[in-house]
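Please view the sequence and structure below before reading on.

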Amino acid sequence: MQLIASEKIFFESPYPKEVFCYTPFLARAAAGRIVASFDLGGPGTAKLEGPLSDHGDFACNQVHILVSDDHGHSWRETGRLPMLHCRVFQAGERLYAIGQSHRLLISVSRDNGDSWSPVSVLESEHRWEPGAAIDCRDGVVRLVMEQRIRPDDWPGMAQVLLTARTRDDLTRPESWRFSAPWVLEDHVALPQPCGVPFYPAGDQCPGAPDPRFCGRPGGLETNVMRIHDPDHLLYNAAPDAVVLLARLHSGATNLALMLRGGTDADGQPVIDTFTTPGGAPLVFVPLPGGHMRFQIVWDEPSRRYWMVGSQATDSLTRPDRLPADRYNLPDNERNRMVLHFSRNLRDWCFAGVVAIGTTPRDSRHYASLLVDGEDLLILSRSGDRRAASAHNGNLLTLHRVSKFRQLIY
């Protein structure tokens with residue numbers, strides 16, 4: 001079956017060259033309600049009404065939260081929060097929105113998303129960045145935030161696994177447990193023969209009008225997943241066993257960072273690495289689009305993982321030969337959004353193209369997806385010809401893939 005996805009504009013920047021649309025996220029609330037969140041940033045964000053973060057890109061950001069009670073066909077705004085990189089999740093009878101303004105922040109809704117509390121500070125000693133998919137089951141929420149370990153060298157982050165009991169008040173710092181930061185360079189010697197790093201750190205086109213920069217290798221935007229198949233070689237029946245799949249920034253394409261999450265004897269969350277049956281460490285894994293932000297969801301009816309991400313087509317082009325409207329390096333192609341499915345988080349089948357922008361500036365990327373009955377909803381960070389760049393888009397677009405399970409082959 002050919003993938004056919006509808007597209008409609010979900011949000012449009014009031015100032016396309018000054019206010020940029022970031023970090024879409026979709027979540028399920030009670031009674032079939034869908035919650036969408038995103039943040040706005042850029043030099044014009046200070047013009048916006050409502051609370052603003054005190055840190056962020058271009059000084060400040062603002063999260064918007066909307067809800068839909070008709071399967072995403074209509075939406076109404078219910079909250080604006082002074083943070084960025086927001087993710088919403090259900091814990092017990094409450095909804096939470098977790099994000100950052102350098103400090104780790106959280107807001108709670110006790111009325112199924114109709115209103116939101118002022119933000120509470122969970123941790124302020126470090127600078128934080130976001131993960132992606134969240135695991136919440138068996139009365140425990142598990143998510144990853146990334147801790148900045150090199151503030152002046154992007155990405156410069158370490159994975160931190162956070163856990164909390166859903167029955168507790170998650171706006172209180174004492175409700176949460178934090179793993180030690182997992183720093184790539186402490187565990188993996190570089191370079192690796194898989195081509196990591198692909199470029200030396202620094203500007204790859206010195207003297208060019210627009211820099212094309214590659215940072216040191218690192219993982220970011222981590223998905224917390226579970227392996228459900230007892231026949232899987234990496235299956236672990238322990239209720240605290242999770243898989244962490246993160247975008248691998250290295251200049252190379254279609255590789256991801258794969259880690260193992262769990263708890264120690266004292267119930268403290270820990271991050272470790274997998275080992276193959278042959279005794280080899282399993283850290284860098286093939287994943288289509290793993291070089292850019294991706295999100296994965298588990299769909300129980302199909303017994304498949306579904307992933308939305310970016311497709312690379314020209315990653316071996318010399319950086320100095322890229323078109324002027326291509327953002328940064330060849331691994332940063334942002335206008336091709338595609339869907340894959342998998343039985344095992346390792347072997348991915350191409351399901352089809354969700355959207356392709358007309359030009360490299362017309363981005364469709366950094367998306368979030370949600371299963372809604374027979375459909376998949378995909379909320380994308382997007383842009384058109386008015387966008388400041390492929391990275392700093394002026395739109396959010398909502399895509400619907402109807403009867404998506406028929407794409408399985």
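What volume does the second largest pocket have? The second largest pocket has a volume of about 700 Å³. The model is predicted: local features need pLDDT of at least 70, side-chain atom pairs count only at pLDDT 80 or more, and totals for chains, interfaces and linings use all residues. Residues are numbered from 1 along each chain as its sequence is written, and side-chain values use heavy atoms, with hydrogens and water left out.

**Pockets and cavity**

On a 1 Å grid over the protein atoms alone, a pocket is an open set of points with protein on both sides within 12 Å along at least five of seven lines, a cavity is a set where a 1.4 Å probe fits but cannot get out, and lining residues have an atom within 4 Å of a point. A volume is the space filled by probe spheres set on the points, which are joined across faces, edges and corners.

| Space | Volume |
|---|---|
| Largest pocket | about 1200 Å³ |
| Second largest pocket | about 700 Å³ |
| Largest cavity | about 50 Å³ |

Of the 43 residues lining the largest pocket, Trp154, Tyr327, Arg381, His391 and Asn392 are the closest to its centre. This lining comprises 15 nonpolar, 11 polar and 17 charged residues, where Ala, Val, Leu, Ile, Met, Phe, Trp, Tyr, Cys and Pro count as nonpolar, Asp, Glu, Lys and Arg as charged, and the others, Gly among them, as polar.

The second largest pocket is lined by 24 residues, and Ile134, Cys136, Val297, Trp298 and Leu370 lie nearest its centre. Its lining divides into 17 nonpolar, 3 polar and 4 charged residues.

The structure holds 1 cavity of 30 Å³ or more. Among the residues that line the largest cavity are Ile149, Arg150, Met157 and Glu185, and the lining has 5 nonpolar, 2 polar and 2 charged residues.

Ile356 lies in strand E27 (residues 348-356); strands (E, at least two residues) are DSSP runs, numbered from the N terminus. Ile356 counts as partly exposed because its relative accessibility is 45%, between the limits for buried (under 20%) and exposed (over 50%), with a 1.4 Å probe and protein chains only. Arg303 is likewise partly exposed, since its relative accessible area is 36%.

Key: Helices (H or I, at least four residues) and strands (E, at least two) are DSSP runs, numbered from the N terminus.
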